[in-house]
Amino acid sequence: AGGFLVFNMYYGDVMSYIVLMSYNGTMHKMFPTFIVHDKMHVDALKPRDARTLLMAGNINMTEEGAVYAWDWMADNFTRVSGGNYGVNSHDVQWSSEVDVPSFWAPVHSGMQRIHALTGDIMEDVTVSGAASDVNHAQLIEGNTVAIFSSRLTDALIKYDLEKNEVDWICGGEYGQFTLYDIKGVEHAAGSTLWAGQHNAEYFGDGLYFMFDNMYEQERPSRAL
C-alpha cells in the first residue's frame with residue numbers, strides 16, 4: 001500500500017526530529033526541530049493537504065509554542081501563528097473557513113480559532129461546566145460540530161457549534177451513556193473506563209479512537 005508515516009522522535013532536550021517514512025520502512029525525510037526553536041519538539045502533527053503537515057510546537061516541555069506548516073516535498077518549514085507562541089501544543093486543525101487563513105487549537109475549557117498570519121484569536125468556544133483541560137478539539141460536519149477530549153473529566157464531548165450547546169457526553173462522571181468494557185461488562189452512565197485520555201478522535205462510522213493515559217489509575221496506558 002502507498003502512503004507515509006510521520007512522527008516526532010525526541011529525547012528530552014537532547015534531540016528532536018520529524019521523521020517521514022514509507023510503510024515499508026524507507027526513510028524519506030528527517031527534520032531537526034531544534035533548529036526552528038531551541039528545545040522544541042512537536043506534539044500535534046496533522047496533514048493540512050497532500051504535501052503539507054501542520055504541527056504545534058512544545059517549547060521546553062511547557063505544552064505551549066507556535067504552530068508551523070512543513071511542506072515536506074520542498075522541505076519548507078514556516079511559522080503560521082504570527083508572533084503567538086502560547087498555542088496549546090496538544091492539537092491543531094486547519095480551519096475550512098475561507099475568509100482568512102486560520103486554525104483551531106484547544107484551550108482549557110474549549111477551543112480557539114487563531115489567525116494564521118497574525119496569531120490573533122478570532123473565535124473562542126467554551127464548553128461551560130462540562131470540560132476541563134481540553135487536549136483535543138476536532139471539527140467535523142462542515143465546522144458545525146466539535147469533538148472535545150476533556151482530560152480531567154475523562155470524557156468525550158460532542159458539541160453543536162450552531163446551537164452552542166453540548167449534544168452528548170461520553171465517559172466520566174458527567175457521562176450520559178451506559179458503557180461496556182472489553183469483557184462485555186456493563187457500566188452505568190457516570191462510570192469511568194478511561195482516564196486522562198489524549199487525542200480522542202472521530203474516524204467515521206461511529207468509531208472514536210483515543211490514547212487512554214490511565215491517569216492516576218496505576219495501570220498501563222492503552223490505545224482504544
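**Figure 1. The lining of the largest pocket is sorted by class.** Ala, Val, Leu, Ile, Met, Phe, Trp, Tyr, Cys and Pro count as nonpolar, Asp, Glu, Lys and Arg as charged, and the others, Gly among them, as polar. By that scheme the lining holds 13 nonpolar, two polar and four charged residues. The model is predicted: local features need pLDDT of at least 70, side-chain atom pairs need 80 or more, and totals for chains, interfaces and linings use all residues. Residues are numbered from 1 along each chain as its sequence is written, and side-chain values use heavy atoms, without hydrogens or water.

A pocket is an open set of points on a 1 Å grid over the protein atoms alone, where a 1.4 Å probe fits, with protein on both sides within 12 Å along at least five of seven lines; lining residues have an atom within 4 Å of a point. Here 19 residues line the largest pocket. Tyr180, Leu193, Trp194, Arg222 and Leu224 are the closest to its centre. Strands are DSSP runs of E, at least two residues long, numbered from the N terminus. S17 (165–170), S18 (179–180) and S21 (207–212) each give at least two residues to this lining.

**Figure 2. The second largest pocket has 16 lining residues.** Asp43, Ala44, Leu45, His90 and Asn199 lie nearest the centre of this pocket. Strands S4, S20 (198–204) and S21 each supply at least two lining residues. S20 gives the largest share, five residues. The classes are six nonpolar, five polar and five charged.

**Figure 3. Strands S1, S2 and S3 are joined by antiparallel pairing.** Two strands pair if DSSP finds at least two bridges between them. S1 (residues 4–11) meets S2 through eight bridges. S2 meets S3 (residues 27–32) through five bridges. Tyrosine 17 in S2 stands opposite methionine 9. Proline 32 in S3 also stands opposite tyrosine 17.

**Figure 4. Two hairpins each hold a glycine with positive phi.** The hairpin of S1 and S2 has three residues between its strands. There, glycine 12 takes a positive phi near 50°. The hairpin of S2 and S3 has four residues between its strands. There, glycine 25 takes a positive phi near 100°.

**Figure 5. Four strands form an open sheet with antiparallel pairing.** The order is S4-S5-S7-S8. S4 (40–47) and S8 (76–79) are the edge strands, and each pairs on one side only. Inside the sheet, S5 (residues 52–59) and S7 (residues 67–71) share five bridges. Leucine 54 has alanine 69 in S7 as its bridge partner.

**Figure 6. Phenylalanine 31 and phenylalanine 77 form a stacked aromatic pair.** Rings of Phe, Tyr and Trp (its six-membered ring) pair if their centres lie within 6.5 Å, and planes under 30 degrees apart count as stacked. The whole structure has nine aromatic pairs. In the pair shown, the centres are 4.5 Å apart and the planes are 10° apart. The pair links distant parts of the chain: phenylalanine 31 sits in S3 and phenylalanine 77 in S8, 46 residues apart. Phenylalanine 31 and phenylalanine 77 are buried. Phe31, Tyr68, Trp70 and Phe77 form one aromatic cluster.

Note on methods:
Rings of Phe, Tyr and Trp (its six-membered ring) pair if their centres lie within 6.5 Å; planes under 30 degrees apart count as stacked, over 60 as edge-to-face and the rest as tilted. Buried means under 20% relative accessible area, exposed over 50%, partly exposed in between (1.4 Å probe, protein chains only).
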